[in-house]
Each structure stands twice: as structure tokens, then as C-alpha cells.
Amino acid sequence: MNTELDTLSVVVVGASGDLAKRKIFPALFALYCQGFLPAELTITGFARSEMSHEEFRARITEYLTCRYTPGEKDCAEKMEAFLDRCHYVSGQYGSTDAFLDLFMHLQQYEPHSRTNRLFYLAIPPSIFLDVARAIGSAGFVYCGETAPWSRVVIEKPFGHDRDSSDELVHELSLVFSDNQTFRIDHYLGKEVIQNLLVLRFANRIFEPLWNREHIRSVQISWAEQLGVEGRGGYFDQYGIIRDVVQNHLLQILSLVAMEPPDHLASGAIRKEKVRVLKCMETVELDDLVLGQYTASEDGDPPHPGYADDETVPDDSLVCTYAAARLHIDNPRWQGVPFLLRAGKALDRKTTEIRILFRDLDNCVFCGPEGCPHPNELVIRVQPDESISFRITNKVPGLEMDLEARDLDLQYDTAFSELIPDAYEDLLLDVIQGEKSLFIGSQELAAAWDVFTPVLHAIDENRVRPLPYPFGSTGPAEAMDLAVKAGTVWRQ
Ligand SMILES: NC(=O)c1ccc[n+]([C@@H]2O[C@H](COP(=O)([O-])OP(=O)(O)OC[C@H]3O[C@@H](n4cnc5c(N)ncnc54)[C@H](OP(=O)(O)O)[C@@H]3O)[C@@H](O)[C@H]2O)c1
């Protein structure tokens, strides 16, 4: 009898690629080691590259880790058992024949003729639809919502703008229903991001303060030290707003700003995320500072600039840095600036959320030199997950000296548990049919609406990004954007 979870066939399309090797197979192995995958399991890699099963297994072994099965012998046994279930088939992406061929191969390995099937499209977005249609025409997709099920996972970017995203949603829905489609934003699988709702709604102190009366500004920053490093082909079609700001940062922002959901089911959480996204004012050109990195100012030889990369056109106007000021027009947030910034080739690697509370204006400790430092909540997503809360404290001693200090929760010392990779959590949710960490179609549309007009204005006006040197903090003008919003960027 084929019940919800007793058989599973995972097909990774684009299995020769970077995402498959670095994230998908290690996550599947981690779930396998922890006993989350059914015993009757088949994993098949599909791509155009010619490879034998053995070459494919050798390729994916490189990134499998023993974190859930310490001990050399145990780990080697688990790895062997896992790799025994992994096979590889090569074929052309848009070809129904290639997928019929895959189907013939699967019949050799799959324990049942009607197995639950998960398709992971780890391929460039330009071929999503061709592949989905070929999967559909090869007869892989079960219609019903119950077992045996077919589900498809796709990775951002989901379109270029609102129209292309709507078209992708519609065309894909002709093969996989919305319920069968799992749109991944892997930031939503990160431990600290999943903790946002817990932090906000399972701690009494935050909800009464989480509003315009007490919060001066919210800042969400994403910084990477690397440039495009020879992978500019993809990036140059999208730029930093489409690659990071409009999806990862807007998703984080919607979790920070949403109203409490009625319950924890995915529908209730998504409903609140859509509501807050719809209250966001459309971003205008004046709300943005755009930059593109140039060669580093030191180093021997200096690190090349973005347009010097051989995979990027010399005259590219694509932004590798963007700072944006957003406003949410609802009673909770009216007048509070939300500042987002993302940049490549910066001086640090970090993703963090900073909630800056308002200044104290009438307190017994206010004096001629001002008032105590305002409170600040810092949620660090990566690296070194942590939550810290800045408070004002008396410095021990005979004087009444005050100083701002952090209450500090560092995940690596506070928890002995391993922090799962985001892909482990997300893949398990796909297998279990749990959708709260995936992007719904309404949410996607609302998120595109915030940025689509300004993205078109940037393209139509050929807006030239400001230069900033590789390894710097980004364009200085981003500071002015924060000042105009009545706040300052915090590092
Ligand atoms: N890498 C990441 O960390 C990451 C993070 C977030 C999202 N994503 C998204 O995940 C997907 C896969 O990413 P990836 O980095 O693994 O991509 P990738 O390595 O560039 O491509 C995956 C595979 O697709 C095939 N391919 C590449 N370019 C193609 C083209 N122009 N036409 C047809 N086939 C092509 C190649 O396989 P064959 O030549 O063997 O067919 C390649 O091995 C993309 O949608 C990307 O936007 C990736």
C-alpha cells in the first residue's frame, strides 16, 4: 500500500551543477542519516553532461559530510548505502523523449510503479518551463494531491518582473498545480529566520514594543566579500535587486513586519505576509542608491572590478550594490523607515537584521550630555548566528556611570544541537508537503509589485550605478539615504 511517505523518488534536474553538488545532495544525505527519508528511496540525477553512475557518485561524494554520523565506520556505511540509491541519467532538458528515457531508467530502480516523486529543478530559470513541460508530457505528474504525489521545487529568480513572474506561475501551473509547486527562497529555511516568529510572538516583551511608537527604524543588510568571480553570466541578467533584495531581503522584512498569524498553518502565515507586502509603498528611484564595484584600491594585483570580469560586458550598468528605503503604510509601521542594503565585493560577509528603538527623551538619566543610548536588537543570520539586545547598564563602581552593553545569545555556545543547513529543512518540508517556508503565488506577485516599477525605470533610464572599490563598505551615498530617512546605518 502506497501511503504518504513510504516510497520516494527524487529526481534532481541539473544534477551536474553547483547547487546540486553543494546543497541538494548534502541535504538529502543529512536527511537520510537522520532517518527522515523512507527506506524505499531512489535518487536520480539528470543533466546533459555525460557521466557514468560511478562518476556521478564520485562527484556528489565530495560534499557529503559526516556531521550526523560521526565515526569513520558508521559514516562510510551510511555513505555507501546512500550512494547505492543514487543514479544518473543524461539527456536534453526540453525533450519529452529524454524524460521518457528517464522514466524507463526509474522503473529499474523505483520499488513501486506509483511512487511519490519529487522533481528538483536545479537549472537556470530560462529552461524551467521547457523542463516542466517535458516532465508533464512524459506522464510523470500525478493529478491528485494525495499519495502518490508529484511535487516540483524551483529556485529563484522567479521571473524578471511582475509580468514575467505571473507568466511563469501560469505556465508552470499548466503542469504542476500551485499545491504541487514549492518555490524556494533558501533564506526562509535558515534557523535564525525561522526563529523570527518565535522571537516576536513567543516572548511577551517584544509585541507591545514592535511598532512605530517604539521603533525608530529597521535595517536589513546582506553583504558578501566575493565579487562575481567568473560567474557573471547569470548575475548580469539579474543584478543585486532581483538576485537578493526583492526576494531574500523582502521575505525577511515581511516576517519582521507582519501581523501575528491566527495560527501556525502555512496558509495563515502566508496571508499575513501578503497583507504586509501589499501595504508596502512602491519603491521609487529616490528611495535607492545603486552601486557597481570597481577594482580594489590595493592588492597585488588589485582585485578586478565587476565590468573587468570576462563574463560581464564592459559597458554593463548592472548593480552589484543597492540600498533601498521602504515604507509600510499601516497603523503599526506608518513613518518607520525600513532600510535594506545588499552588496557584493564589500568589506565583510554578513546577513543581519537590526531593530533600532527610539531614543529616550524624558528619563531620569537624561542630562546635559544627552540620554542613554537607545536599545537595539540585532539578529545575525550569518555567519555566527546570534541575537543580541543592547541595553544601558550601570558600570560597576562608586560613580553612576552608564554604558551600553549587549545581552548576547550566541548560537554556537548556547545550543549543543547542530544547526541544520537551510536546504535540509526545506527539502524535508517538501517531502512532508508543508508549505509555510515556501513562496506562495500571491506573495510572489505582491513582492514584485514593490520593485517592478523602479526596476523598469532603472532599465529604461539606463541609470548608471555609483562606483565603489572592491572590499569597501559600498557607495558613501548610501549613508545619505539613511540620514534622509532620519536614521543612520548601524554596522
Ligand atoms: N548555486 C547556488 O548556490 C544557488 C543559490 C540560489 C539559487 N540558485 C538557483 O538554482 C538553480 C541552479 O543553480 P546552479 O548554480 O546549480 O546552476 P548551474 O551550475 O549554472 O547550472 C546547473 C546545470 O544546468 C545546466 N546548464 C547550465 N547552463 C545552462 C544553459 N544555459 N542551458 C541549459 N542547461 C544549462 C548544466 O548542466 P548540463 O550542462 O550537464 O546539462 C549545469 O550543470 C538556478 O536557478 C539558480 O538561480 C543557485
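This is a short walk through one chain, from its overall size down to single residues.

Before I start, two points on how to read it. The model is predicted, so local features need pLDDT of at least 70 and side-chain atom pairs count only at pLDDT 80 or more, while totals for chains, interfaces and linings use all residues. Residue numbers start from 1 along each chain, as its sequence is written.

First, the overall size. The chain has 491 residues, and a compact globule of that length would have a radius of gyration near 23 Å; the chain has 24 Å, which agrees. That radius is taken over C-alpha atoms, and the globule rule is 2.2 Å times the number of residues to the power 0.38. Along the principal axes, the C-alpha atoms fill a box of roughly 80 × 50 × 50 Å. Of the 491 residues, 41% count as buried. For that word, we count other C-beta atoms within 10 Å of a residue's own, with C-beta atoms placed from the backbone: 20 or more is buried, 12 or fewer is exposed, and in between is partly exposed.

Next, the division of the chain. Domain 1 covers 7–155, and domain 2 covers 188–419 + 439–484. These bounds come from an automatic or database domain assignment. The C-alpha centres of domain 1 and domain 2 lie 35 Å apart.

Now the secondary structure. The chain has 13 helices and 15 strands. Both are DSSP runs numbered from the N terminus: helices are H or I with at least four residues, and strands are E with at least two.

I will take two sheets. Two strands pair if DSSP finds at least two bridges between them. Between β5 and β6 there are 4 bridges, in the parallel sense. Within this pairing, V152 stands opposite T181 in β6.

The other is an open sheet of 9 strands with mixed pairing, in the order β14-β13-β12-β11-β7-β10-β9-β8-β15. Here the edge strands are β14 (402–410) and β15, each pairing on one side only. Strand β8 (residues 288–294) and strand β9 (residues 321–326) run antiparallel and are joined by 4 bridges. Opposite Y321 in β9 stands G291.

The C-alpha atoms of L402 and P372 are separated by 7.4 Å, although the two residues are 30 apart along the chain.

On to the ligand. Which residues come nearest to the ligand? Of the 17 residues around it, the nearest are G17, L19, A47, R48 and S49. A residue is near a molecule or strand if its C-beta atom, placed from the backbone, lies within 6 Å. Helix α1 (residues 18–33) gives the most to this shell, with 3 residues. By type, the shell divides into 9 nonpolar, 4 polar and 4 charged residues. Here Ala, Val, Leu, Ile, Met, Phe, Trp, Tyr, Cys and Pro count as nonpolar, Asp, Glu, Lys and Arg as charged, and the others, Gly among them, as polar.

Last, some backbone details. A cis peptide bond joins K156 and P157, with omega about 5 degrees. P157 is in the loop between β5 (150–155) and α6 (162–173). Another cis peptide bond joins Q382 and P383, with omega about -15 degrees. P383 lies in the loop between β12 (376–382) and β13 (386–394).

E229 is not a glycine, yet has a positive phi of about 45 degrees. E229 is in the loop between β7 (215–223) and α8 (232–257). With 12 other C-beta atoms within 10 Å, E229 is exposed. R462, also a residue other than glycine, has a positive phi near 45 degrees. The loop that holds R462 runs between α12 (441–460) and β15 (466–469). R462 counts as exposed because 8 other C-beta atoms lie within 10 Å.
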